[in-house]
Amino acid sequence: MRIGIFPSASECATYAAQMLADLVASTPTAVLGVATGSTPEPTYALLRAAHAAGELSFAECEAFALDEYVGIDADHPERYRNVLLRHLVTDDATGLRAENLHTPDGNAEDPHAAALAYDRAIAERGGVDLQILGIGADGHIGFNEPGGALVSRTHVDVLTHQTRLDNARFFDGDITKVPTHCVTQGLATIMSAKKILLIATGDAKRAAVKELCEGGVSAFWPATILQMHEDVTVLVDEAAAADLALADFYRERWEN
Ligand code: GLP
């Protein structure tokens, strides 16, 4: 795990956007793993700016989303497919084409079968080259909530009360409007990405970041499974890094 501690969230975004730019420069047909949540938004804004400046294009890339709500209206602005279309596709944002943005089908007649098909589709494309991740305050990645299997594949799951509370801000602050179920890539699906880039910013993430980097691997903090992946970069701002016992060492290692 490479841990980069930056003075601010915007500096995390600059570094993350550069990693993506370097990947598509060397592999224009890269398979990207894209995340929702507010954390990657500044990174997506930088990617759009780079595309507008003619410095980068995802035109030949495919992208797979981490997760989707179950039973959300197809045209709901917070449906993750619609969120990602806005950030990466609409108005030729990054060059990524709508047909190359894959998202789990939360409205399938058989969501379980759709989840398995989604997992297979990722494998058929040769797997994700670079997976972008945020992290929930309870240590979830994608929508893999505490207490799930550390070896799960894409599956239908139930959202915790905490996650629905956290996400209520996207639903007029009303938790009753937040869906109760999701389809999410499983932890083993995420772990099969070749490279992983996790961004965590702000004070609300400090406990999750502490466990992610320095806790024991446990289903109680699902993100800790990333300690078993050989190519993970974690970008945190000072607020999210506040509880890290070995922060000075991580800084030294990052700089050298
Ligand atoms: C949701 C998403 C996760 C994301 C998390 C954190 O639960 N499914 O992929 O990492 O929110 O969101 P934020 O970045 O807004 O804190």
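How far is an oxygen atom of the ligand from an N or O atom in the side chain of Lys205? The gap is 2.6 Å. This is a predicted model, where local features need pLDDT of at least 70, side-chain atom pairs count only at pLDDT 80 or more, and totals for chains, interfaces and linings use all residues. Residues are numbered from 1 along each chain as its sequence is written, and side-chain values use heavy atoms, with hydrogens and water left out.

**View 1. Here are the residues around the ligand.** The ligand has 13 residues around it, counting a residue if one of its heavy atoms lies within 4 Å. Ser38, Thr39, Asp67, Arg169 and Lys205 are the closest. By type, that shell splits into three nonpolar, seven polar and three charged residues.

View 2. Asp67 puts a polar side-chain atom 2.7 Å from a ligand nitrogen. For His140, a side-chain N or O atom is 2.8 Å from a ligand oxygen. On its own the ligand would expose 390 Å², and the protein buries 93% of that (Shrake-Rupley method, 1.4 Å probe).

**View 3. On to the salt bridges.** The whole structure has eleven of them (a side-chain nitrogen of Lys or Arg within 4 Å of a carboxyl oxygen of Asp or Glu). One of them joins Asp203 and Arg206, at 3.0 Å from N to O. Glu238 pairs with Arg251, and their closest N and O atoms are 3.1 Å apart.

Conventions: A polar contact is a pair of N or O atoms within 3.5 Å; within protein, one must be able to donate a hydrogen and the other to accept it, and residues adjacent in sequence count only if both atoms are side-chain atoms. Ala, Val, Leu, Ile, Met, Phe, Trp, Tyr, Cys and Pro count as nonpolar, Asp, Glu, Lys and Arg as charged, and the others, Gly among them, as polar.
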